[in-house]
Amino acid sequence: MEPTPGDDDRRALIEEAFRQATFSMSVFDAEQRYLRLNETACQVMGVDEGVLQGHVFPYGVPPDVDNEGTRAALRDVAETGKPFHYESYTRAPSGIREHAWNLELWPVRDAAGEVYAVGMAAFDSSEQHWARQRLAVLDEAAVSIGRSLDLVRTAQEFVELVVPRFADFASVDLLEAVMRGDEPADAAAGADIVLHRAAHLSTAPGTPEAVIDRGASDAYPAYSPPARALHTGRPVLSGSGDPDFDRWIASAPARAERMRGHVVTSLMAVPLIARGTTLGVAVLLRVRPDPFNDDDFTLARELAGRAALCVDNARRYTRERTTALALQESLLPRGTSPQSAVDAACRYLPTDSRAGVGGDWFDIIPLSGARVGLVVGDVVGHGIQASATMGRLRTAVQTLADVDLPPDELLAHLDDLVLRLGADADNGGRAVAGETGATCLYAVYDPVARTLSVASAGHPPPVLVLPDGSTELVEISVGPVLGVGGLPFETTERELPEGSLVALYTDGLVEDVDRAAGAAQDAGVERLRQALARDHASLEDACDHVLVTLLPAHPRDDVALVLARTRALDAHHVRVWDLPANAEIVSEARRLASAQLDEWGLTEAAFVTELVVSELVTNAIRYGAEPIQLRLIHDRTLLCEVSDGNSTSPHLRRARITDEGGRGLLLVAQLTKSWGTRHTATGKTIWAEQSLTPEPGF
């Protein structure tokens, strides 16, 4: 039978258990003086037990270590006699890194029940604390990095997350191709790497660690930590004392000067890799005594992976946006062609939103009879597909306008085209702009009749500013959106005084996101009217003022704006003759035309004009119907028009050698700049245009 330990043996056993405990244990008297400390407590304090015994807590604790909570807990237990649990987050006096402590304090009573000492056990829960912190950082990264599709902003979000929580300085440098949205090429082994500084941040005022300014580029030698991380595709740990790090700092005088007096405890260069593509490098630097450890290394890789994915998303968006903008720019008109019907100014402003460039477009199309077509439209959706669809619709409008279709008929044909595009998508093709559909407004201004003819397919009506300064909306019947099919469009005609301002726009200009849909557009149109009513030095100034007044700093939708000030061709530039359906009138028509050219000082054009008049009047008498009318328009070109009451269009044919006729229109086509036919409410008009030396004032 084993001998029962005596009292001395039990006390010795308890003493050894106390001394060898793997957690910190301490005993204080009622005045918070040290009585006993075990070996773990001495290691935490960094001094022997004998140095502390008899001294009042917090003797032995460095001034920068927070101890107020522990002092208050010791005092409360001694005074109240109640046990207490306390959590502390501070570094150990003997350490340099923050720890988490769970402190258990309890009263020690004598035989009479009086508290004469306080026992304290400190459990180090730092591993769990650091793990929770890492998870918290990763959770925050998921919501704070990549909130926009802007490369620079994404990089800035990364450095703001890690400084000062994780590093004293952080920078994000991206390859030049990434900044352009391109796919970066693999760097040659051992070659220097040129990087673009996207973002940096420091705990020190003025960011003394940064030698490169934001937006600038620098070449990193192959041996430098950032270049090594990019070449190997793995994080690099470095710092002061590392030969490569010291060599890199000394290689650039500006960098060496900036880093003078800064002891870099630890540096991590982590490559930013997403979807197998290396995009750049994140550099994290510490000057605090606590160097990066393995857990920090793991966290940095995870954060860099998250940031790299967001950077790659932003890069892809930049590439698509740049492509869409280039496509949009190539499809939109580069300037207005010379014509006398209107003075015009135009603007196109792409959206800043992550949805991408939209399908807004505008056009100013010269038409026969000195008229002009004004167009604005908006394709449903955003991105390259919307831009491509916009280009197809713009080309279709130009083609339909070239055959002089009235606005309502033009929109009907355009509606058929959008329906066919939708059918192609349904049969296996790519979807058209996300959904098949578009709005469009087409207006024709005639400077001779001074009339504006307008038709709309789901598009806002134009705003007019009359010469007296008053503003109004053109009252039109707004038809269905293009792509609905089966519903008619209606043309509205309005006579305008010379000098009237016509404003065509897309809904991105007048929508207010803070209001309901209908009220938002009404309020936006009212603001547009107020902006246009002001006196402006020019139409260009008016466009700029409208955009600044109505749009926020970052528009959420594309905007197209066309301002056209009407002009009029007076009687001095237009002559009209009503002709009887009599073959004998042909010679008289030639004489009248020739006399008018002499009056205009265009005698040199008389030969061709007489031939054109003779042919067109003869055809009208022979194949047309009354009433017959001859009109000459002296514009930038000379226009000869013959109208009749028959809607049948002539066609150009090539006569055979043995034929006695059939060469008239062919001759007209060869002698003039262009010719064509447009249908009117009472029949048709055949016109021919001759080039002239521009007259001053046109």
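Colleague: Why do strand 21 (residues 501-505) and strand 22 (residues 559-566) count as a pair?

Modeller: Two strands pair if DSSP finds at least two bridges between them. Here five bridges join strand 21 to strand 22, so the two count as paired, and they run antiparallel. One example is Tyr505, whose bridge partner in strand 22 is Leu561. Strands are DSSP runs of E with at least two residues, helices are runs of H or I with at least four, and both are numbered from the N terminus.

Colleague: What should I keep in mind about the model and the numbering?

Modeller: This is a predicted model, in which local features need pLDDT of at least 70, side-chain atom pairs count only at pLDDT 80 or more, and totals for chains, interfaces and linings use all residues. Residues are numbered from 1 along each chain as its sequence is written, and side-chain values use heavy atoms, with hydrogens and water left out.

Colleague: What makes strand 12 (342-349) and strand 18 (471-473) edge strands?

Modeller: The open sheet has five strands in the order 12-22-21-17-18, with antiparallel pairing. Strand 12 and strand 18 each pair on one side only, and that puts them at the edges. Neighbouring strands of this sheet are turned by 15° against each other on average, direction ignored. Helix 15 (residues 539-550) packs on the sheet and touches strand 12, strand 21 and strand 22; the directions of helix 15 and strand 12 make about 30°.

Colleague: Nice. Now the helices: how do you know the angle between helix 16 (residues 585-600) and helix 17?

Modeller: Axes are lines fitted to C-alpha atoms, for helices over the stretch in contact, and angles run from 0 to 180 degrees between N-to-C directions. On that scale helix 16 and helix 17 pack at about 145°, with their axes 9 Å apart.

Colleague: Is that crossing left-handed or right-handed?

Modeller: Helix 16 passes helix 17 in a right-handed crossing. The term means that the near helix is turned clockwise from the far one by less than a right angle, whereas anticlockwise makes a crossing left-handed. Contact means heavy atoms within 4.5 Å, and the residues involved include Ala589 and Ala593 of helix 16 and Val613 and Val617 of helix 17. By class, this contact has nine nonpolar, four polar and two charged residues.

Colleague: And how does helix 17 (residues 606-623) pack with helix 18 (residues 664-671)?

Modeller: Their angle is again about 145°, with axes 10 Å apart, but helix 17 passes helix 18 in a left-handed crossing. Leu611 and Leu616 of helix 17 and Leu667 and Val668 of helix 18 are among the contact residues. That contact has eight nonpolar, two polar and one charged residues.

Colleague: How large is the largest pocket, and which residues lie nearest its centre?

Modeller: Its volume is about 700 Å³, taken as the space filled by probe spheres set on grid points joined across faces, edges and corners. Among its 30 lining residues, Asp446, Arg678, His679, Thr680 and Ala681 lie nearest the centre.

Colleague: One last item: what stands out about the peptide bond from Phe57 to Pro58?

Modeller: That bond is cis, with omega near 20°, and Pro58 lies in the loop between helix 3 (49-52) and helix 4 (68-80). Most peptide bonds are trans.

Note on methods
On a 1 Å grid over the protein atoms alone, a cavity is a set of points where a 1.4 Å probe fits but cannot get out, and a pocket is an open set with protein on both sides within 12 Å along at least five of seven lines; lining residues have an atom within 4 Å of a point. Ala, Val, Leu, Ile, Met, Phe, Trp, Tyr, Cys and Pro count as nonpolar, Asp, Glu, Lys and Arg as charged, and the others, Gly among them, as polar.
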